[in-house]
Amino acid sequence: MQYKLSEIADILGCTYRGNDAVVNHIFVDSRNRIDRAETALFVAVKGERHDGHDYVGELYAKGIRNFIVSSDFKAENLDGGNIVAVENTLKAIQDIAANYRDTFSFPVLGITGSNGKTCVKEWIYQIFRNTAKVSRSPRSYNSQTGAPLSILMADSASELGIFEAGISMPGEMARLEKILHPDTGIFTNIGDAHQENFADVEQKISEKLHLFERSKLLIYCSDYRSLHRAVAESTHGCATFVWGHGDECNLKILSITNVVNKTVVKIKVNDSVLRDRIGEEAEFEIPFYDSASVENCMHCIAFSLTEGLDINLLKANLANLVPVAMRLELKEGINKCTIINDSYNSDINSLTIALDFLDGLTQHCKKTLILSDIMQSEPDEKKLYLQVSKLLQSRGITRFIGIGEALKRNSGMFATNANIPDCRFYSDTDKFLLHCNKAGFSSEAVLLKGGRQFRFERISHLLEIQVHQTVLEINMNAVVNNLNYFKSKLNSGVKLMAMVKASSYGHGSSEIAALLQYHRIDYLAVAYADEGVALREAGITASVVVLNTEPDNFDIMIEYLLEPEIYSINSLVSFVKTAATMGISNYPVHIKVDTGMHRLGFVENDLPGLCSILRHSHEVKVASVFSHLAASDESRHDEFTALQIERFTIFCKSLEKETGYPFIRHILNSAGIERFPEAQFDMVRLGIGLYGVGIEENSKYLVNIGTLSSAIVQIKQIDKGETVGYGRHGIAKTAKTIATVPIGYADGLIRKLGNGRGYFMLNGKPAPIIGNICMDSCMIDITDIDAKEGDRVTVMGDDPSVSDIADAVCTIPYEILTGISQRVKRIYVSD
């Protein structure tokens with residue numbers, strides 16, 4: 001996207017003041033970090049709870065010079081600023097996006113529906129990304145601002161565009177249609193989400209169908225009869241491609257068969273669109289077993305077939321689909337509980353999704369569901385809660401707590417239909433909290449699912465482990481993003497081992513491991529046996545390699561099915577003896593080769609002895625051989641890296657020749673994956689890159705996964721000449737306002753960041769640390785920042801980043817991340 005301000009003014013039918021600057025980036029969030037301020041354009045959108053005009057001055061101070069503002073905004077103190085004044089700034093960004101959309105020469109797919117939009121979008125992207133250049137909505141950008149931003153971020157050289165459209169009010173979709181103008185549409189399904197602003201389901205369907213007024217083809221499932229009737233009665237006139245179980249379907253489902261961790265769908269083509277395939281039957285293997293994922297995959301199949309994608313390629317790509325995470329918070333609870341807070345939405349479709357997530361938590365046998373009245377769904381109350389009670393029948397729920405008058409009125413259904421041994425009901429959240437016995441929650445998973453008006457955050461607060469206000473929030477979607485980025489770098493068939501040692505670099509071992517296991521990681525790696533034991537006890541069943549093995553723990557490793565790194569003749573002999581004593585044969589081991597790191601590993605002279613022991617020891621079998629690159633992230637050492645790879649190749653060839661069987665070979669770490677694709681061998685190891693830190697030239701593709709934050713506990717004024725902190729190093733050269741924040745070096749805040757070397761972000765502004773950092777707290781200078789006690793501060797996140805902090809104290813991001821204390825509460829957030 002590239003426009004002159006004069007062109008934008010013409011599109012909007014207005015004038016501009018200032019220079020006729022060229023802009024290629026439009027944004028509405030003042031918190032965004034902008035790489036090139038001179039070509040960025042800020043649109044000051046007014047929302048219900050914010051006004052972009054409040055941040056124009058701040059952005060001007062940061063170097064932004066191009067603004068679209070409301071005509072009644074007084075643009076003062078913006079010398080050199082280029083201003084476009086309009087009546088409605090939201091409409092302005094929508095009109096610019098619509099104009100840019102009209103320049104697209106590639107087909108656009110528009111997706112709407114009550115649920116599944118993001119999954120369908122991401123999976124179609126996964127199916128087509130290797131055969132076409134695809135632009136798509138980032139995350140869930142489907143709103144009145146998200147949709148135009150998605151269009152404006154699209155690459156004009158794309159071959160396919162995929163964009164979501166979501167609405168919550170009548171009239172919104174007509175505006176999105178002008179922006180997206182999809183050539184093909186997918187209506188995923190119709191459910192109860194956002195029903196409160198529509199008279200009935202029929203009105204909501206009618207509103208959503210406005211997206212396809214100019215489309216050539218609409219894909220949907222006729223099993224949703226109200227949707228099927230609405231499309232048949234619609235006057236929009238676009239062709240349809242219908243799938244489902246009915247004989248009238250263009251794509252008829254013949255059977256759906258669930259097998260272990262996957263589903264096989266058999267379909268038949270009865271079609272006028274796919275004339276060359278009429279009567280053809282086909283089977284598709286889908287790597288999911290829940291009904292929502294199967295439905296989403298069927299939309300992907302239908303679209304892919306109408307686009308003419310080779311059916312064999314489609315089958316292969318479907319089988320390799322990667323799950324798309326959903327939004328929730330996962331927290332450590334009292335008495336060894338895990339709390340899943342998914343209380344942002346209470347419709348029955350999202351309840352089904354949340355229950356699927358609960359099913360995936362393998363570390364707890366006991367599972368409790370705390371559910372509020374469902375406010376956005378079926379008007380027939382008895383029918384609704386009969387449906388809910390039946391939904392819970394086979395979910396393994398051991399305790400059900402219903403909160404709300406409607407649930408209480410229908411309590412008998414749960415005892416009859418849900419097959420839950422312990423059911424309790426309360427008229428409201430206050431009543432539950434009054435009678436709640438915290439000791440009654442122990443070693444279980446607790447799913448909180450409720451509407452916002454029930455304020456389930458109070459229940460979450462009650463059941464969480466109460467630590468101080470400093471928390472590390474881990475974005476699980478960001479982990480998935482980074483994982484998928486590195487997966488996209490791999491050749492077909494190359495496996496992936498993920499490092500979860502040192503508590504997943506400070507982010508929480510079992511939680512990250514469970515996510516990686518869900519995404520079908522090939523191997524997990526820990527440093528010590530006790531870390532592996534903890535994973536097994538948390539329900540992790542994936543293959544786990546222990547990198548720093550100790551002979552005293554070999555029996556425990558075998559007991560817990562942990563696979564050892566073997567790095568010396570002595571360690572191999574010791575493990576063989578332990579395995580023989582326990583009557584074990586062909587136990588998988590991983591041979592470490594020292595190619596130049598000179599830490600652990602066999603060297604070339606060890607090869608004869610190693611081969612001799614392996615030939616004569618049926619107790620073990622080599623699962624993999626690997627080495628570690630010493631400087632793969634530094635181009636000045638590329639010659640040495642090449643030498644390491646050469647040494648490794650020679651060692652592996654010799655070992656394979658002597659053992660007589662193949663094994664997995666791997667040498668690349670995160671930086672190696674990005675810089676040495678020719679050395680992927682059979683597997684790669686992903687460490688720091690998974691957690692959002694990569695080589696500088698590719699860092700834009702990675703997402704920070706952790707935000708360390710705290711809160712101001714006290715604000716005070718100090719006079720000129722006063723000092724702050726131990727040693728009186730923080731000297732106030734002028735009168736200052738300082739704030740105390742409860743985070744110190746015992747929490748992992750590096751003491752060297754004191755005395756102005758480090759800063760926190762407070763209300764969008766940097767607040768430098770003043771004085772020495774204390775054990776449990778520190779002080780920041782907030783003299784020029786509007787703040788109050790209780791305001792949150794960002795200690796580490798997007799700004800300052802872990803790399804920023806590491807640079808400030810002359811260390812590496814690894815040390816910063818792994819140094820975050822276990823007394824800092826971890827919160828896991830997922831969309």
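What is the volume of the second largest pocket? In this predicted model, the second largest pocket has a volume of about 780 Å³. Its lining is formed by 28 residues, of which Glu332, Ser509, Ser510, Glu511 and Gln822 are the closest to the pocket centre. Two or more lining residues are given by each of the strands β17 (328–332) and β41 (825–830) and by each of the helices α18 (501–506), α19 (509–518) and α20 (529–537). The largest share comes from α20, which gives four residues to this lining.

Charged side chains were next examined for pairing. Side chains of opposite charge can pair when their charged atoms come close. Across the whole structure, 29 salt bridges are found. One of them is formed by Glu177 and Arg214, with the closest N and O atoms 2.8 Å apart. Because Glu177 belongs to helix α6 (residues 172–180) and Arg214 to the loop between α7 (201–209) and β12 (217–221), this pair ties together parts separated by 37 residues in sequence. Glu177 is buried, since its relative accessible area of 4% falls under 20%. Arg214, by contrast, has a relative accessibility of 41% and counts as partly exposed.

A salt bridge also joins the side chains of Asp430 and Arg458, with an N to O distance of 2.6 Å. Here the pair links two helices, Asp430 lying in α15 (residues 429–435) and Arg458 in α16 (residues 457–463), and the two residues are 28 residues apart. Asp430 is partly exposed, at a relative accessible area of 47%. Arg458 is likewise partly exposed, at 25%.

In a further salt bridge, the side chains of Asp747 and Arg823 meet at 2.6 Å, N to O. Asp747 is located in the loop between β36 (736–741) and β37 (759–762), and Arg823 in the loop between α27 (813–818) and β41, so the contact ties together parts that are 76 residues apart in sequence. Asp747 counts as buried, with 1% relative accessibility, whereas Arg823 is partly exposed, with a relative accessible area of 31%.

Definitions and conventions: Residues are numbered from 1 along each chain as its sequence is written. This is a predicted model: local features need pLDDT of at least 70, side-chain atom pairs count only at pLDDT 80 or more; totals for chains, interfaces and linings use all residues. Side-chain values use heavy atoms; hydrogens and water are left out. On a 1 Å grid over the protein atoms alone, a cavity is a set of points where a 1.4 Å probe fits but cannot get out, and a pocket is an open set with protein on both sides within 12 Å along at least five of seven lines; lining residues have an atom within 4 Å of a point. Grid points are joined across faces, edges and corners, and a volume is the space filled by probe spheres set on the points. A salt bridge is a side-chain nitrogen of Lys or Arg within 4 Å of a carboxyl oxygen of Asp or Glu. Buried means under 20% relative accessible area, exposed over 50%, partly exposed in between (1.4 Å probe, protein chains only).
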